[in-house]
Amino acid sequence: MRKDSKEQSPDRHDWFARAAEALQKARKMKPGAERSEALKKAGQLQSAADMMGYLKSKELRPPK
């Protein structure tokens, strides 16, 4: 079964969804230390999503 090149893997999608949800929740919080930590966590999740996308990319696969 061949996947479309624009289709994302379920794992990658989950990481991006988690990051977007965390950012949305953080933006709704009142200013303060708790919001700052929530924004930091959302940024970390976004970085993790980007890394997962890179690690699962075609560029890192061995040639066939």
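1. Glu-21 counts as partly exposed because its relative accessibility is 41%. Partly exposed sits between buried (under 20% relative accessible area) and exposed (over 50%), with a 1.4 Å probe and protein chains only. The model is predicted: local features need pLDDT of at least 70, side-chain atom pairs count only at pLDDT 80 or more, and totals for chains, interfaces and linings use all residues. Residues are numbered from 1 along each chain as its sequence is written, and side-chain values use heavy atoms, leaving out hydrogens and water.

2. Glu-21 pairs with Lys-25 in a salt bridge, and their closest N and O atoms are 3.3 Å apart. The term requires a side-chain nitrogen of Lys or Arg within 4 Å of a carboxyl oxygen of Asp or Glu. The whole structure holds 1 salt bridge. Lys-25 is exposed, at 53% relative accessible area.

3. Met-51, Tyr-54, Leu-55 and Leu-60 make a nonpolar surface patch, with about 440 Å² of accessible area together. Patch residues have over 30% relative accessible area and no salt bridge; nonpolar side chains are joined within 5 Å, like charges within 9 Å. Leu-60 lies in the segment after α2 (33-55).

4. Of the 64 residues, 16% count as buried. The accessible surface is about 5,700 Å², and 54% of it belongs to carbon and sulfur atoms.

Note on methods:
Accessible areas come from the Shrake-Rupley method with a 1.4 Å probe; for residues, only the protein chains shown count as cover. Helices (H or I, at least four residues) and strands (E, at least two) are DSSP runs, numbered from the N terminus.
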